[in-house]
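Let us take a friendly walk through this structure. Please have a look at it, and then read on.

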Amino acid sequence: MSESTTDPRDDTAKPRRRQARGERRIQQLLDAAAHVFCRTGYTSASTNAIAREAGVSPGTLYQFFPNKEAIAVELGERLNRRMTETHGTVLTPENAGLPLGELLDTVLDPMIEFNCANPVFLALIQSSDAPGQLLEEHAELHDSIQDRISELIGLRNPDLSPERRTHTTTMTFALFKAGLTLILGHEGTEREAYAAELKTALYGYLAPVLGTEAVGTRP
């Protein structure tokens, strides 16, 4: 009896190839959904519109997602992870001691860039009927970012009372979110202008509390 010459590695390579193709298809559908959600809003979006945007049949879409809610949840999870990575690299103790203008540039630029590159992030969470799971996960991210901001403020000015620190943190984040809405509502030079105005507003608000020069921080 002759021995089989089949390489056992082929048995694992095929599932990996199928998995890679499946992941590419999922990303294709998520990218299409992001465009549809931004263009029509989450409420008016449909799986047929998402499939059409992706250039696939509705049947192909249903192989990966049972409905648009599942698509929104998966899209939200991926964006939340990426946003967590973004604020995790800029809201750091090392950056707390930078001159205030440099600190704002260092923190705000990547966060503005992320939201401009992913406008569906806000489009989803601002929808009145977004999936509850998506909103819960975003609320956790929101709280995490606010906690990081509070830590930076505390490191930069450890003499602040807990109440003043909380108020300053809340107002800082509120100003950022309001400015971000304006930034996302414009393009080109107008977008750049509103980004600059946001930094000016935050600088003016934070300077009396945190100072403007570089400071030593005590982690």
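T86 lies in helix α4, which covers residues 68-90. Helices here are DSSP runs of H or I with at least four residues, strands are runs of E with at least two, and both are numbered from the N terminus. Keep in mind that this is a predicted model, where local features need pLDDT of at least 70, side-chain atom pairs count only at pLDDT 80 or more, and totals for chains, interfaces and linings use all residues. Residues are numbered from 1 along each chain as its sequence is written, and side-chain values use heavy atoms, with hydrogens and water left out.

Is T86 buried or exposed? T86 counts as buried because its relative accessibility is 15%; buried means under 20% relative accessible area, exposed over 50%, and partly exposed in between, with a 1.4 Å probe and protein chains only. Leaving aside residues up to four places away in sequence, T86 touches P110, M111 and F114, where contact means heavy atoms within 4.5 Å.

Helix α2 (residues 47-54) has buried residues too: T47, A49, I50, A51 and A54. After α2 comes G55, with a positive phi near 75°.

How many cavities of 30 Å³ or more does the structure hold? There are two. A cavity is a set of points, on a 1 Å grid over the protein atoms alone, where a 1.4 Å probe fits but cannot get out, and lining residues have an atom within 4 Å of a point. Grid points are joined across faces, edges and corners, and a volume is the space filled by probe spheres set on the points.

The largest cavity has a volume of about 240 Å³. It is lined by 16 residues, of which L91, L104, V107, I149 and T172 are the closest to its centre. The elements giving two or more residues to this lining are α6 (100-117), α8 (132-156), α9 (162-184) and α10 (188-210), and α6 gives the most, with five residues. By class, the lining of the largest cavity has 15 nonpolar, one polar and no charged residues. Ala, Val, Leu, Ile, Met, Phe, Trp, Tyr, Cys and Pro count as nonpolar, Asp, Glu, Lys and Arg as charged, and the others, Gly among them, as polar.

The second largest cavity has a volume of about 40 Å³. Its lining consists of G76, N80, F121, L124, I125, L134 and H138. Here α4, α7 (120-125) and α8 each give two or more residues, with the largest share, three residues, coming from α7. This lining has four nonpolar, three polar and no charged residues.

Technical notes. On a 1 Å grid over the protein atoms alone, a cavity is a set of points where a 1.4 Å probe fits but cannot get out, and a pocket is an open set with protein on both sides within 12 Å along at least five of seven lines; lining residues have an atom within 4 Å of a point.
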